[in-house]
Amino acid sequence: MVQMKPTRDGFGEALLELGEKNKDVVALCADLTDSTRAGWFRDKYPDRFISIGISEQDMYSTAAGLSLTGKIPFAATFGVFASGRAWDQIRISIAYMNLNVKIIGTHGGISVGADGATHQAIEEIGLMRILPNMTIIVPCDALEAKKATIKSAEYKGPVYIRLGRNKSPNITKEGEKFEIGKAMTLKDGSDLTIIACGLMVHESLVASDELAKEGIKARVINLHTPKPIDKDAIIKAAKETKAIVTAEEHLIHCGMGSAVSEVLSENFPVPMKMVGIRDRFGESGEPEELLKKFGLTSAGIVKAAREVLKLKKRG
Amino acid sequence: MTQKIKELKKKAINIRKDILIMLEQAKSGHTGGSLSEVEILLALYGYKLKYDPKKPEWDMRDRFILSKGHGCPGLYAVLADAGFFPKKELMTLRKLGSRLQGHPQLGLPGLEISSGSLGQGLSIANGIALGLRLDNKPCRVYCLIGDGEANEGQIWEAAMTAAHYNLDNLCVIMDRNRFQIDGLCCDVKDMLQMKMRWNAFGWHAIEIDGHDIEKVMNALDEAESIKKKPTIIIADTVKGKGVSFIEHNNKYHGTAPKKADLERALEELAEALKKL
């Protein structure tokens, strides 16, 4: 039985661990303390928790100030607010000064569900990717979210971590090494490569099994760090499999797939298909319904794989 | 004390000269708001702040945050005068490769933050004040904002945060020169009763003449004596202070004096120095 857990829980657990290990770790939240799981830290380390109220711009600049005194602030809210609402504050107060602030955006993606478009963050990778000095991590499961949080505290500089609201299957294992900026090959294959992050990693593995039934060997890469991107892994996959599919719970514009396409087009262009949301806002619905509607499923990935193989054959 | 005040008054004139000279050769920059903040900066760097220009990162220093980043020529001139970097570097203002960027960028000794996008400095100052308090450090944090800058909603978000956390190690100084780019603040977006606003937000507020250096010094002392709440010093200033044809002339908000204007301005300042 696969263990199911939301990635935000992995963050909450890691933050508790960090609180114990490092007294410089502080947390801030903009009135979503329980939802983001920063509440677990608040309950244990109230002196190092700063409730900032519904003012995200103030929160990210305040976090910048805390980091200037040597603190390691984790500032959490929903992804829509963590990226868009406070973008200029992140640009000037954090990225421009290259400060050691950890930006936690929970409730990422369309799978937020019924809350609808205003609360579905489908642009964060793009909004953060265009900022110099920024690192972006999109963990694929709760365990990876935990490792990513702990690693981000050791890493000096701004980091954005995108987390999900709902329970998702655990894919990674306790002993496996997580390294910021180093993609993980989860499954080998020679016909094409599926590069995914977040929730789509699990779907990619399912898609790969489906394709195997037809005799298609699909490599699956977990690109948990869209920035800095693991160019070597991408170029190697392009050279060895000569076809790429990317899958992300995000707009295809400026997202992880775009980042992959930039690497490919400059280094080793091969046919490519992107699974993601195409130039529209989200809407209300059950998470599963929405993922299906937007094609963010193993079936959607299988379809893209068949298309990319046609392009590859055409040469 | 009187000797100190006399010395700072003289220094204010010389700093104004430096500001105008550097702006003229840079051919762009914010003249009005740099000239209006001079006495405030000198009361800080010449009297109140604890710092060591040889050790800009000394962890027991007081912090000065320039939130109104466009006022950086004034701060650069004062930092050079305080010995943070060689005075001749002032002449590199806004030039390619200079540490004196058009708006402040971290990396120049003495600068605590990068700024230029208005409204963010006060939140950063809050964060520093909170961090220092967590470490039980007695250092104080000073933050200079503009009155036009108070149009930004983030200023008021930060004002609430500082009061909520009783940040008595924080003192904000507002350079109230009454102008912003589009004209008089009251015409652009009237902020009405400024002091009352800050009081209503839970702050101790002091109103003073921002060009009377002794009054600025006293207000900074008063701020330090106030416990359990943050203090704002609303300093009434004149935009372009010190030069007759720049004073109250909003044309000089974001433009530098031309060569001929500079010469006239320097003559006026030399005259003022003689009269002191």
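Which residues lie nearest the centre of the second largest pocket? They are A:S111, A:K167, A:S168, A:L199 and A:L291, among a lining of 27 residues. β8 (167-169), α8 (200-213) and α11 (287-293) of chain A each give two or more residues to that lining. Helices (H or I, at least four residues) and strands (E, at least two) are DSSP runs, numbered from the N terminus.

This is a predicted model, in which local features need pLDDT of at least 70 and side-chain atom pairs pLDDT 80 or more, while totals for chains, interfaces and linings use all residues. Residues are numbered from 1 along each chain as its sequence is written.

| Pocket | Volume | Lining by class |
|---|---|---|
| Largest | about 480 Å³ | 9 nonpolar, 8 polar, 7 charged residues |

A pocket is an open set of points on a 1 Å grid where a 1.4 Å probe fits, with protein on both sides within 12 Å along at least five of seven lines; lining residues have an atom within 4 Å of a point. Volume is the space filled by probe spheres set on the points.

The second largest pocket draws at least three lining residues from each of domain 1 (4-169) and domain 2 (184-309) of chain A. Domain bounds come from an automatic or database assignment. The two domain centres, over C-alpha atoms, are 25 Å apart. Contact (heavy atoms within 4.5 Å) links 31 residues of domain 1 of chain A with 34 of domain 2 of chain A. One salt bridge is counted between these domains.

Note on methods
Chains are lettered from A and ligands numbered from 1 in the order in which they are written. Side-chain values use heavy atoms; hydrogens and water are left out. Ala, Val, Leu, Ile, Met, Phe, Trp, Tyr, Cys and Pro count as nonpolar, Asp, Glu, Lys and Arg as charged, and the others, Gly among them, as polar. A salt bridge is a side-chain nitrogen of Lys or Arg within 4 Å of a carboxyl oxygen of Asp or Glu.
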